[in-house]
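Good morning, and thank you for making time for this item. Please look at the sequence and the structure together.

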Amino acid sequence: MNAPVNPDHIQTGEELERCPFPIPYGWFCVHFSHELQPGDIKIEKMFGKEWVLFRGEDGSVGMTDPFCPHLGAHLGHGGKVVGNNIQCPFHNWEFDSEGWCKKIPYGKVMPGVARKRAILQALPTIEKYGAIWAWYHPKGETPMWELPTHEEFENEVEHVETKFHSWDIGTCLQEMGENSVDTPHLKFLHGAPIIPDVTAKAEGHIWHYDIMDGYIVGESHGPGLAPNRHSKDGVSMLMYAMPSPVDEEMSRVRMMFKWKKYPEGSKEAAIGQHLYEHSIGEAEGEESAGFESVDLIVWDNKKYRPKPLLCDGDGPILAWRKYFRQFYVDLDENDPAVAM
């Protein structure tokens with residue numbers, strides 16, 4: 001007979017794990033568009049395994065399992081793009097971006113299964129706003145929502161040229177996203193002058209939050225897209241955060257920044273530039289610290305507490321965690337490392 005659980009028990013470090021969650025499903029940025037030219041093949045570690053990412057001559061993009069279904073050669077080592085297909089270096093079999101075998105140069109009859117369906121695992125991919133997105137689901141389910149639209153990218157003429165950044169961070173996506181409602185850390189970790197108020201709510205796959213009545217307003221569209229706008233004196237800057245899981249304990253966070261163009265030398269132009277520089281930790285004359293210099297140290301070394309000891313000043317952390325659980329498949333709710 002199992003001993004009763006002590007509700008006042010606080011787990012020690014030995015009972016905790018750093019990142020106890022499986023890789024979630026959703027749309028994830030796997031590359032910036034300008035980094036993949038026609039004819040390029042790149043080996044990408046993402047979603048806990050290797051993939052090959054390639055661009056055809058017509059600009060189309062494919063992201064597939066790297067091992068040829070013929071005899072297992074790695075398509076990223078010696079393979080090449082032929083037309084819009086990726087060609088295996090071993091026997092020159094060719095596959096399109098959806099994983100269909102398009103050519104066997106020495107075969108007269110295509111294997112039966114290859115005539116009926118795609119035989120190379122391929123992820124659904126789209127390009128939008130200068131980023132290449134792949135839909136990942138551990139059981140191969142098709143996309144469940146579309147990526148949103150944003151005025152800053154739709155109207156390029158009236159906005160500054162996109163700024164691109166990328167960081168590798170040693171934690172899982174849920175842990176990073178929790179910062180959107182953990183406003184006390186803004187004062188004690190970043191050095192902000194106050195602890196701002198925050199409101200948040202979930203609507204299906206979208207999470208909404210508002211820090212300090214419009215100072216930072218953001219969303220999460222599933223685990224892989226977290227656009228948020230930072231505003232000051234009527235100027236708004238879009239931080240387009242795109243975190244992707246390399247594996248269960250490592251994330252690659254790509255960000256794109258946009259704001260409205262203002263006359264050179266104007267107060268508004270200076271505010272937009274400052275909001276951007278503040279977000280990446282490069283603003284001069286500030287006492288507060290950017291996330292790269294402080295958050296990464298915490299994330300790289302913390303452990304996840306499934307039953308945190310919260311006080312009345314903490315933000316809606318448990319609501320965030322409940323929202324995020326919908327993106328895990330076959331999560332063991334009885335596992336003490338994750339059980340809420």
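Met-212 sits in the loop that links strand S13 (206-211) to strand S14 (216-221); strands here are DSSP runs of E of at least two residues, helices are runs of H or I of at least four, and both are numbered from the N terminus. This is a predicted model, in which local features need pLDDT of at least 70 and side-chain atom pairs count only at pLDDT 80 or more, while totals for chains, interfaces and linings use all residues. Residues are numbered from 1 along each chain as its sequence is written, and side-chain values use heavy atoms, with hydrogens and water left out.

Is Met-212 exposed or partly exposed? Its relative accessible area is 36%, so Met-212 is partly exposed; buried means under 20%, exposed over 50%, and partly exposed in between, with a 1.4 Å probe and protein chains only. Together with Ile-194 and Tyr-215, Met-212 forms a nonpolar surface patch of about 250 Å² accessible area. Such a patch takes residues with over 30% relative accessible area and no salt bridge, joining nonpolar side chains (Val, Leu, Ile, Met, Phe, Trp, Tyr) within 5 Å and like charges within 9 Å. A salt bridge, in turn, is a side-chain nitrogen of Lys or Arg within 4 Å of a carboxyl oxygen of Asp or Glu. The areas come from the Shrake-Rupley method with a 1.4 Å probe, and for residues only the protein chains shown count as cover.

Let me turn to the chain as a whole. The protein chain holds seven helices and 17 strands. Its C-alpha trace spans about 75 × 70 × 30 Å along the principal axes, and 47% of its 340 residues are buried.

Next, a sheet. Three strands form an open sheet in the order S1-S10-S9, with antiparallel pairing; strands pair if DSSP finds at least two bridges between them. Strand S1 (26-32) and strand S9 (125-128) are the edges, each pairing on one side only. On average, neighbouring strands of this sheet are turned by 35 degrees against each other, direction ignored; the axes are lines fitted to C-alpha atoms, for helices over the stretch in contact, and angles run from 0 to 180 degrees between N-to-C directions. S9 and strand S10 (residues 131-136) are joined by four bridges, and Glu-127 has Ile-132 in S10 as its bridge partner.

The loop between S9 and S10 contains Tyr-129. Most residues other than glycine have a negative phi, yet the phi of Tyr-129 is positive, near 60 degrees. Tyr-129 is buried, at 15% relative accessibility. Asp-233 also has a positive phi, of about 50 degrees, and lies in the loop between strand S15 (226-232) and strand S16 (235-247). Asp-233 is exposed, with a relative accessible area of 54%.

Strand S2 (residues 41-46) and strand S3 (residues 49-55) run antiparallel, joined by six bridges. Two residues separate S2 from S3, and Phe-47 in the turn has a positive phi of about 60 degrees.

Finally, how many disulfides does the structure hold? There are zero, a disulfide being a pair of cysteine sulfur atoms within 2.5 Å. The sulfur of Cys-88 has its closest cysteine sulfur in Cys-68, at 3.9 Å, which is too far for a bond. Cys-88 is buried, at 2% relative accessibility.
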